[in-house]
Amino acid sequence: YMDVVHESASSSKLLDERSSTEERELLDANGSDVYLCGPPPMIEAAERWLRAQGVPASQVHAEKFLPS
């Protein structure tokens, strides 16, 4: 389980309570899959960050919430 990561409205940097070292350790644990759900800008920002961390696209699963 990882805390919510979000993109700041005033910056393209992802913000989180965890340190970079902790994030890498969690992502490296057993090649875990990552599940995302939320609005498209959040999902896209998280997917970019995950790719930058070396997480294969095959391990990232996302559901974008769109207005009805």
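Predicted model: local features only at pLDDT ≥ 70, side-chain atom pairs only at ≥ 80, totals over all residues.
Residues are numbered from 1 along each chain as its sequence is written, and side-chain values use heavy atoms, with hydrogens and water left out.

Let me start with the overall arrangement, where β3, α2 and β4 make a right-handed β-α-β unit, right-handed meaning that, with the strands pointing away from the viewer, the path from the first strand over the helix to the second runs clockwise. The helices (H or I, at least four residues) and strands (E, at least two) are DSSP runs, numbered from the N terminus.

Strand β3 covers residues 34-38, and β3 and β4 run parallel, joined by five bridges, where pairing requires that DSSP finds at least two bridges between two strands. Val34 stands opposite Val60 in β4, and Leu36 has Ala62 of β4 as its bridge partner. In a regular strand the side chains alternate between the two faces of the sheet. In β3, Val34, Leu36 and Gly38 form the covered face, whereas Tyr35 and Cys37 form the uncovered one.

Turning to the helix, α2 spans residues 40-52 and reaches 18 Å from its first C-alpha to its last, close to the 18 Å expected, a figure defined as 1.5 Å times one less than its number of residues. Within α2, Pro40, Ile43, Ala45, Ala46, Trp49 and Leu50 are buried, which is to say under 20% relative accessible area, with exposed meaning over 50% and partly exposed in between (1.4 Å probe, protein chains only). Just after the helix, Gly54 takes a positive phi of about 90 degrees.

What makes up the largest nonpolar core? It has eight residues, namely Val34, Leu36, Ile43, Ala46, Trp49, Leu50, Val55 and Val60, a core being a set of buried Ala, Val, Leu, Ile, Met, Phe, Trp, Tyr and Cys residues joined through side-chain atoms within 4.5 Å. The largest share of this core, four residues, comes from α2.

Finally, the structure holds one salt bridge, a side-chain nitrogen of Lys or Arg within 4 Å of a carboxyl oxygen of Asp or Glu, and here Glu44 meets Lys64 at 3.2 Å, N to O. Because Glu44 lies in α2 and Lys64 in β4, the pair ties together parts that are 20 residues apart in sequence. Glu44 is partly exposed at 34% relative accessible area, and Lys64 is partly exposed at 38%.
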